[in-house]
Number of protein chains: 2
Amino acid sequence: MTTQQLFEQIRLKQSFLCVGLDVDLNKIPQHLLDTEDPIFEFNKAIIDATHDLAVAYKPNTAFFEAYGLKGWNSLEKTIKYLNDKHPEVFTIADAKRGDIGNTSAMYAKAFLQDMNFDSITVAPYMGKDSVEPFLAVPNKFTILLALTSNGGAFDFQTKVAGDKELYKQVLETSKTWANSQNLMYVVGATKAEYFTEIRKIIPDSFILVPGVGAQGGSLEEVCKYGMNNHVGLLVNSSRAILYAGNGTNFAEKAREEALKVQQEMHKILLDGQLAKIDL
Amino acid sequence: MTTQQLFEQIRLKQSFLCVGLDVDLNKIPQHLLDTEDPIFEFNKAIIDATHDLAVAYKPNTAFFEAYGLKGWNSLEKTIKYLNDKHPEVFTIADAKRGDIGNTSAMYAKAFLQDMNFDSITVAPYMGKDSVEPFLAVPNKFTILLALTSNGGAFDFQTKVAGDKELYKQVLETSKTWANSQNLMYVVGATKAEYFTEIRKIIPDSFILVPGVGAQGGSLEEVCKYGMNNHVGLLVNSSRAILYAGNGTNFAEKAREEALKVQQEMHKILLDGQLAKIDL
């Protein structure tokens, strides 16, 4: 998928919502536990109920690996379902990988090639040669952690490294890497006030924004400071949508919650921000 | 496993070798490809041929994930085999994970609890709350990336952040985290000259040292600057041992290569360094 196609989706759906698939068997409706693959059944229902309201889905690999072989099978089925039934949505393997070159190349094979995700989240700590193997895969995106939504972001990311904060160093340095046009970035919604500075460094890149919803970030603030003239944001919500209900009508409840977010996004695209957006 | 038990192993085997299990189906002996699970068969043969010479084994998750569901199955079989047949060795999930707290907790469950690895490698970029869920698992170790063996280590890790280089900041800050006694660190063999400074910050911790062998680091240099009075080093070799031969005698060839390293380690433990080591 190209960013132009992603932008078309955003325009069509009037949404830049990404639904995070962090499926915890302790939180999903009881009746699903009797099915053969509760994680997949849950994901399938959530996807079917929200795919006209969301432009991206983000399976979080930890929540699949936590269930071992069965979990990995659910992950493969989930991405296959997305690719087969909803090929228009943008898919993100939220895997936070990154290792020396030959190892990163194996992760890139696993997620971007074999499973055919459109993108993968990658940690920048190990630098250029740990990220470039992901960037080398054509027509795929590497979503690099810049400034994350959690409290620990202040431990290292905001420390001044060289002449600027580490997260800015990551943004600037990554632009010099081979195939940097395939980069997107993670910036947490809980750090909305940082978006102005971030947009000076990466005006055109898409930013994946976790932290709205359960983590407390504000959609309005993020849009105010982070939106560019092609929207340039994918705002993620996981728990608030997935666990909106836990009865047999959980998918309907999830849709209601996703609809609320989509309507807020539609409003943002229509008013205040409209002038800035090439719709 | 406790560090005391690990040290006992080192003393008994006169070795601080870790064998990295980075199994590439393009590199293993052809005849194994006819078996039902070539990756596991390869690992099993390597482990059986080297377990008296190595104190630790380090499956690299990328090389399993690259083969999808079958690969994940091989990973589970490999760690089960290590735990069942060779419970005295120290096991490392080389996974380079790290995410917000509730996600890191799922990775900790997957690797340290369900698969029962003794330890896991973790990236520090997301800070305290991304690492503490791993540290919270009793009797397990979190091996935090500090200064890695690759060229990209110079992109961010050696940048001065605050009043010191980022990797030093990571070392110092991590010591303040809950259950920091469960920390070990990754420092690449290709950065031997940094070990003196590193030992000032973490005199007692075990350091996992990749980069000897295929990546060109020197065992002697690493020991000269990095060893403490309980050895405190696990020196990894992957490709040089795994692919020493690729005929039907590959395990024998791997053993020969492991033996060379073990003998060099034995010599280091005996001479020059002896005075420093509590044997």
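How are H5(A) and H6(A) oriented to each other, roughly parallel or roughly perpendicular? In this predicted model, local features need pLDDT of at least 70 and side-chain atom pairs count only at pLDDT 80 or more, while totals for chains, interfaces and linings use all residues. Residues are numbered from 1 along each chain as its sequence is written, chains are lettered from A in the order in which they are written, and side-chain values use heavy atoms, without hydrogens and water.

Helix H5 (residues 101-114) and helix H6 (residues 128-135) of chain A pack at an angle of about 30 degrees, their axes being 8 Å apart. H5(A) and H6(A) are therefore roughly parallel to each other (angles under 35 degrees). The crossing of H5(A) and H6(A) is right-handed. In contact (heavy atoms within 4.5 Å) are Gly101(A), Ser104(A), Ala105(A), Tyr107(A), Ala108(A) and Leu112(A) of H5(A) with Asp129(A), Ser130(A), Pro133(A) and Phe134(A) of H6(A). The residues of this contact comprise 6 nonpolar, 3 polar and 1 charged.

In chain B, helix H4 (residues 68-85) has 18 residues and spans 25 Å from first to last C-alpha, close to the 26 Å expected at 1.5 Å a residue. Buried residues (under 20% relative accessible area, 1.4 Å probe, protein chains only) in H4(B) include Trp72(B), Leu75(B), Ile79(B), Tyr81(B) and Leu82(B).

Phe156(B), in helix H7 (residues 153-156) of chain B, counts as buried at 2% relative accessibility. Not counting residues up to four places away in sequence, Phe156(B) touches Leu166(B) as well as residues of chain A, including Pro124(A), Tyr125(A), Leu166(A), Val170(A) and Trp177(A). Phe156(B) and Phe16(B) are separated by 140 residues in sequence and by 29 Å in space, C-alpha to C-alpha.

Note on methods. Helix = DSSP H or I, 4+ residues; strand = E, 2+ residues; numbered from the N terminus. Expected span 1.5 Å × (residues − 1). Buried < 20%, exposed > 50% of the residue type's maximum accessible area, 1.4 Å probe, protein only. Axes fitted to C-alpha atoms, helices over the stretch in contact; angles between N-to-C directions. Parallel < 35°, antiparallel > 145°, perpendicular 65-115°, else oblique. Left-handed = near helix turned anticlockwise from the far one by under 90°. Nonpolar A, V, L, I, M, F, W, Y, C, P; charged D, E, K, R; others polar.
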